[in-house]
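Please look at the sequence and the model first, then read the points below.

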Amino acid sequence: MPNELSKTYSAKDVEERWYPLWEKKGYFKPLKRGKKGKPYVIVIPPPNVTGILHMGHALNNAIQDILIRWQRMKGIETLWVPGTDHAGIATQNVVEKKLAQQKRDRHQLGREAFVKEVWQWREEYGSTIVRQLRKLGSSCDWSRERFTMDEGLSRAVREVFVKLYEDGLIYQGNYIINWCPRCHTALSDEEAEHQELEGALYYIRYPIKGSKEFVVVATTRPETMLGDTGVAINPSDQRYAHIQGKTVILPLMQREIPVIEDEYVSKEFGTGIVKVTPAHDSNDFEMGRRHNLPEICVMDESGVINENGGQYRGMDRFAARKKIIEDLDKQGLFIEQKKHIHAVGHCYRCNTIVEPYYSKQWFVKMKPLAKKAIAVAEKEKVKFFPERWTKVYLNWMNNIRDWCISRQIWWGHQIPVWYCDDCKKLTVTRDDPTECQHCKSKNIRQDQDVLDTWFSSWLWPFSTLGWPEKTEDLKKFYPTSTLVTAPEILFFWVARMIMAGLYCMKDIPFEDVYLHGTVRDETGRKMSKSLGNIIDPLEIIEEIGADALRFVVISLVSQGQDVYLSKQRFEGGRNFTNKIWNAARFAFMNLEGFKEGSAKLKISANELSLVNQWILQELSKVSRDVENALLKYRFNDACHALQRFIWGDFCDWYLELQKPVLYGNENEEQRKDTQKVLFFVLDAMLRLLHPIMPFITEEIWQQLKNYSTEEMPETIMNANWPDIKFNFQESTFIPAMKEIITEVRDKRARFNIPSKEALHVVIKPLDAGCVTQARMLTELFGSYVKKLAHVGVFEDRLGFKKEKGWLLLNVPSTLHDFEVYVDVGEFIDVDKEKEKLAKELDKMEGFLEAAKKKLSNKSFVERAPREIIEKEEGKQRDLIIKIENLKTAIAEL
């Protein structure tokens with residue numbers, strides 16, 4: 001039978017051929033294959049419609065695909081639900097930029113026309129990320145694809161809003177919220193990302209009324225003093241007992257404000273006296289409520305001082321800060337400013353500094369929802385991997401604050417609340433009303449705000465399955481099995497989904513939460529356009545294929561740790577795919593005329609050679625290791641186990657050891673047995689590898705089917721997951737032979753002995769009782785050692801005495817009762833070699849001393865960029881390794 005695999009592997013051809021076929025034939029849909037039990041379900045973290053595939057997506061979706069393909073092969077009914085998020089602020093920003101290029105803006109268009117424009121943009125560009133996920137090999141059930149603003153999910157959003165409102169868990173109120181002056185919208189606490197900034201503490205005098213005395217307050221935001229309605233001290237602070245109950249004059253505004261006493265005030269911060277600005281600070285807001293202080297807002301939605309800011313009206317907040325300090329200084333009221341490092345909130349979308357802002361917003365009461373969500377984590381009904389995230393989750397949940405859900409933008413789910421202009425009451429309904437529920441007036445208008453994007457996303461595990469309808473999908477596939485996501489959205493999304501699932505479905509939304517690390521560049525920096533360090537996964541797929549990309553990113557994802565990536569890493573993935581391809585080509589060449597392959601090896605143990613027993617034993621181990629790794633979400637361990645087996649045990653050893661058997665015609669029975677084992681191992685190996693590298697395994701497996709005695713599934717996706725349990729008596733001979741061959745090769749390379757020169761190797765038994773074993777090793781495996789290490793003589797000698805030119809091989813792990821020697825004296829001058837190595841050692845030690853001196857130079861370390869320091873540290877590590885190797889080589893001689 002001819003070999004149908006091309007000489008070289010073309011990932012592009014294979015991937016473009018197989019993915020459409022898989023999808024067309026419906027292989028991604030849930031399929032019952034006789035195994036009873038609960039289905040295995042994953043819902044995709046919906047990427048933004050504005051998104052294009054980046055390495056974070058590649059990692060996240062490769063992990064999900066591994067889990068789905070693995071469970072599918074185990075015969076479990078699997079479902080991976082795909083979809084995209086409407087991404088309110090992000091998408092509106094994209095479309096507004098497009099309009100700006102056309103010299104238009106949304107206000108010129110009006111709300112209805114603008115929303116229509118966004119829908120048109122979504123139709124044109126919104127499916128880009130979905131097409132790219134297909135290129136990665138994601139085996140989602142695309143017939144179930146959802147969008148957070150499709151008709152069904154919009155109904156779910158309306159239903160849960162009304163239900164929460166009816167249960168008294170949604171309310172409207174004037175509160176301090178995080179406000180983005182650039183996006184002109186409220187942000188939740190989680191969307192205001194805090195960054196450490198170097199700012200200043202400004203020390204300002206406030207005159208005490210009717211006195212020549214002053215109080216000194218310290219503030220980081222002097223522009224907000226225009227809205228001060230009090231100053232506060234701690235009641236136990238005896239330094240300020242004399243000003244209790246007094247009134248101070250607010251500088252610049254000449255407003256009288258009281259001195260209040262509140263436990264919140266830290267005696268250690270600044271001077272121990274703080275200004276109170278209830279409309280511009282969340283803590284001041286709470287303090288103001290406790291003491292009935294007025295709330296004066298001094299900024300507009302753009303962060304510009306408004307009519308309440310007196311002479312500073314119309315000035316940007318930061319320009320006002322500068323002018324206020326100048327004016328205070330002129331009046332002798334500004335004392336000094338001191339450097340102050342503090343965490344400042346930034347908009348998660350545009351990175352503008354967030355302004356605490358007093359406005360009327362809609363909120364969800366979170367504490368009542370959090371109680372059950374805390375309990376399910378404590379009882380391990382929902383488990384986090386790595387486990388340390390459980391503590392982080394519980395800490396956040398126990399300190400949860402109400403969720404601001406209204407956003408002042410146009411793209412999103414418009415809040416289902418109508419205001420009556422006649423009776424002033426609210427109508428909150430599941431369907432759009434035509435009149436006021438209370439007075440029947442037709443004079444009603446809908447709230448102009450939209451809901452936070454996450455308000456639709458928190459319903460994702462059940463809304464995508466048909467909720468609030470009682471669908472068959474919902475009944476069958478909820479709760480889901482595993483959620484794969486990043487720690488950055490643990491609070492944004494994961495915690496809220498748990499609360500929503502328990503509230504709406506009375507059950508957890510998923511059982512396991514796997515949180516993977518962030519993809520960074522090789523120096524540890526987060527990938528970003530501004531840093532110019534982005535690696536485009538689509539370019540990598542184009543160059544070396546999706547399988548190679550998947551293997552590399554997965555092999556680097558140690559549980560819970562960040563992934564450090566460089567373009568050079570992907571060469572390893574390309575090399576691995578080529579190794580697999582060439583091994584398969586070799587196998588097929590040696591299965592010519594063979595038609596007895598079977599997924600069940602029908603040979604008794606005593607008929608198998610030791611080499612065949614060994615490879616089956618190693619296959620059993622790797623099968624067990626991969627299964628255990630996937631069960632524990634240790635994906636990199638699965639990759640490493642497979643690579644060790646495929647590249648090492650199978651390609652470098654088994655195929656090489658069996659070439660004489662496969663090529664020869666002396667023992668046809670042994671050749672046929674080896675072909676059966678070769679077929680069996682290759683088949684199992686491809687099945688184990690398939691979840692990680694789906695394309696190449698499918699292509700090879702389709703060819704492998706030609707050598708089978710039995711009917712095999714149409715696709716490897718539906719082949720059974722290997723459960724291999726061979727239990728042959730462990731032999732030390734093959735590991736010993738491998739160590740001897742490896743060591744001889746190492747000595748040949750170290751001393752530059754040409755490969756054409758045959759070497760002499762001796763096994764020395766350490767006592768007479770070991771002679772038989774040594775003889776068996778030389779007789780049974782002598783031919784292998786001679787061929788693979790190019791050894792002329794391989795013998796055992798009791799009482800062998802080492803002479804000049806003979807080197808002791810380092811084979812400690814298997815040959816405890818033997819010593820193994822190789823003769824290199826014929827090919828090298830030992831004394832000259834020692835002299836040469838000693839000179840090299842001196843040179844390397846000199847380099848190391850210089851490297852150490854450089855890194856101990858405080859001035860260099862403080863001034864040099866981090867990447868230069870890391871490069872120098874890497875050089876030092878390499879030098880230490882070289883020196884150790886040189887010392888070892890000298891000792892051997």
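Predicted model: local features only at pLDDT ≥ 70, side-chain atom pairs only at ≥ 80, totals over all residues.

Residues are numbered from 1 along each chain as its sequence is written, and side-chain values use heavy atoms, with hydrogens and water left out.

**Overall picture**

- The protein contains 27 helices and 29 strands; helices (H or I, at least four residues) and strands (E, at least two) are DSSP runs numbered from the N terminus.
- Along the principal axes, the C-alpha atoms fill a box of roughly 110 × 70 × 55 Å.
- Of the 893 residues in the protein, 56% are buried. Buried means under 20% relative accessible area, exposed means over 50%, and partly exposed is in between, with a 1.4 Å probe and protein chains only.
- Among contacts with a separation of 6 or more, 78% are between residues 24 or more positions apart; a contact means heavy atoms within 4.5 Å.

**Surface and charge**

- The accessible surface is about 40,400 Å², and carbon and sulfur atoms account for 48% of that surface. Accessible areas come from the Shrake-Rupley method with a 1.4 Å probe, and for residues only the protein chains shown count as cover.
- There are 129 positive and 128 negative side chains, and the centres of the two sets lie 1 Å apart. Lys and Arg count as positive and Asp and Glu as negative, with His and the chain ends not counted. The place of a charge is NZ of Lys, CZ of Arg, CG of Asp or CD of Glu.
- Leu610, Met776 and Leu780 make a nonpolar surface patch of about 230 Å². Patches are made of residues with over 30% relative accessible area and no salt bridge; like charges are joined within 9 Å, and nonpolar side chains (Val, Leu, Ile, Met, Phe, Trp, Tyr) within 5 Å.
- Leu780 belongs to helix H24 (residues 771-789) and is partly exposed, at 43% relative accessible area.

**Two buried loop residues**

- Ile405 sits in the loop between strand E16 (403-404) and strand E17 (406-407), and its relative accessibility of 0% makes it buried.
- Not counting residues up to four places away in sequence, Ile405 touches Phe161, Ile170, Trp362, Phe363, Val364, Val450, Leu451, Asp452 and Phe455.
- From Ile405 to Ile324, the C-alpha to C-alpha distance is 34 Å, and the two are 81 residues apart in sequence.
- Thr224 lies in the loop between strand E8 (214-219) and strand E9 (230-233), where it is buried with 2% relative accessible area.
- Leaving aside neighbours within four places in sequence, Thr224 is in contact with Lys275, Thr277, His280, Met299 and Glu355.

**Helix H6**

- Helix H6 (residues 128-136) has as its buried residues Thr128, Ile129, Val130, Gln132, Leu133 and Leu136.
- The cover over the buried residues of H6 includes helix H2 (55-73), strand E3 (83-84), helix H5 (111-125), helix H16 (537-544), helix H17 (546-555) and helix H22 (694-704).
- Gly137 follows H6 and has a positive phi, near 100 degrees.

**Salt bridges**

- Side chains of opposite charge can pair when their charged atoms come close.
- The structure holds 56 salt bridges; a salt bridge is a side-chain nitrogen of Lys or Arg within 4 Å of a carboxyl oxygen of Asp or Glu.
- Glu96 and Arg106 form a salt bridge through their side chains (3.3 Å, N to O). Glu96 is in helix H3 (residues 88-101) and Arg106 in helix H4 (residues 106-109), so the pair ties together parts 10 residues apart in sequence.
- In this pair, Glu96 is partly exposed at 26% relative accessibility, whereas Arg106 is buried at 7% relative accessible area.
- Glu198 and Lys339 also meet in a salt bridge (3.8 Å, N to O). This pair links distant parts of the chain, with Glu198 in strand E7 (residues 192-207) and Lys339 in strand E13 (residues 334-347), 141 residues apart. Both Glu198 and Lys339 are exposed.
- The side chains of Arg687 and Asp683 are joined by a salt bridge (3.0 Å, N to O). They are separated by about one helical turn because they are 4 residues apart in helix H21 (residues 668-689).
- Arg687 is buried at 8% relative accessible area, and Asp683 is buried at 3% relative accessibility.
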